[in-house]
Amino acid sequence: RSRSDLLTGYRKRPPRVDSKPVDVQLGLNIYKIHSLDLPSSMLTLLVWLREEWIDPRLAFNASDYAPLDTAMENPYLHVEPGDIWTPDLLLYNHEESMRWTLDDAGAMVYSNGKVFRSRPGLLKVMCRFEGLRNFPWDYLNCALEFGAWILDGTVQDLVFREADCGFTWPGGTGCTDGRTGTSGAESGSTFQEYSIVNVTKERAIAHYDCCPNTPWPSLYYRITVER
């Protein structure tokens, strides 16, 4: 069988089950600082942005796709993101859209319908830097806010990725159990005289005047930098 068989009759709609929202897991691998420009309030990070979700329509029997069932420990198929539904996700405080700064290398579809997508590239963040008054003798803080633009929380939910508890950086992960996560051999937190000293996360729910009873989940990452 071929990948085209898997996609026969597929419609690019959110894969909701029993009218429940799709749980989209987000993980941010902060590879290193690319640049930091104080006059323009822009922080540019080299990252791998990881997304996971379940699409039952893409589940398959690995034995139908030999030799996947014997060649791989956890069989998967590679598909183009344009051929399947992908999450509605934006970095709200971007200077340039992730559509242009992240590579769309493809998605991995596992036999149970899990979809994993990792996009390497740059995040250009417009920061409202905290700590400038005493800088360079103090820390700078910059928050990244991710959320949906079209799909509210009744259709698509945003949660932190279970594998790394939401993020990975050279100092560890978002987990508290000592997990080291998966990063590149050349990863590092420094750029010239700037270093990342801490990363924290927070999930929030917003409600807007158009639809006060409808949840809009957001995921925040706060990055602390020192000189």
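Which residue does a disulfide join to Cys127? The partner is Cys142, and the S to S distance is 1.9 Å.

Before going further, a word on what you are looking at. This is a predicted model, so local features need pLDDT of at least 70 and side-chain atom pairs count only at pLDDT 80 or more, while totals for chains, interfaces and linings use all residues. Residues are numbered from 1 along each chain as its sequence is written, and side-chain values use heavy atoms, with hydrogens and water left out.

**The disulfides**

A disulfide is a covalent bond between the sulfur atoms of two cysteines. Here the term is applied to a pair of cysteine sulfur atoms within 2.5 Å. Searching the whole structure turns up two disulfides. If you number the bonded cysteines of the protein in sequence order, the pairing reads 1-2, 3-4.

| Disulfide | S to S | Torsion about the S-S bond | Handedness |
|---|---|---|---|
| Cys127 to Cys142 | 1.9 Å | about -75° | left-handed |
| Cys165 to Cys175 | 2.1 Å | 95° | right-handed |

Let us start with the link of Cys127 and Cys142, which is left-handed because the torsion about its S-S bond is about -75°. Cys127 sits in the loop between β6 (114-126) and β7 (140-147), whereas Cys142 belongs to strand β7, so the pair ties together parts that are 15 residues apart in sequence. Strands here are DSSP runs (E, at least two residues), numbered from the N terminus. Cys127 is buried, with a relative accessible area of 7%, and Cys142 is buried too, at 1%. For these labels, buried means under 20% relative accessible area, exposed over 50% and partly exposed in between, with a 1.4 Å probe and protein chains only.

Now for the disulfide that joins Cys165 to Cys175. Cys165 lies in the loop between β8 (156-160) and β9 (167-169), and Cys175 in the loop between β10 (172-173) and β11 (190-191), so this pair ties together parts that are ten residues apart in sequence. Both Cys165 and Cys175 are buried, with Cys165 at a relative accessible area of 16%.

What about Cys210, buried or exposed? Cys210 counts as exposed, at 59% relative accessibility.

**Backbone angles to look at**

Most residues other than glycine have a negative phi. Cys165 has a positive phi of about 60°, although it is not a glycine. Ser41 is not a glycine either, and its phi is positive at about 60°. You can find Ser41 in the loop between β1 (22-37) and β2 (42-54). With 23% relative accessibility, Ser41 counts as partly exposed.

Key: Helix = DSSP H or I, 4+ residues; strand = E, 2+ residues; numbered from the N terminus.
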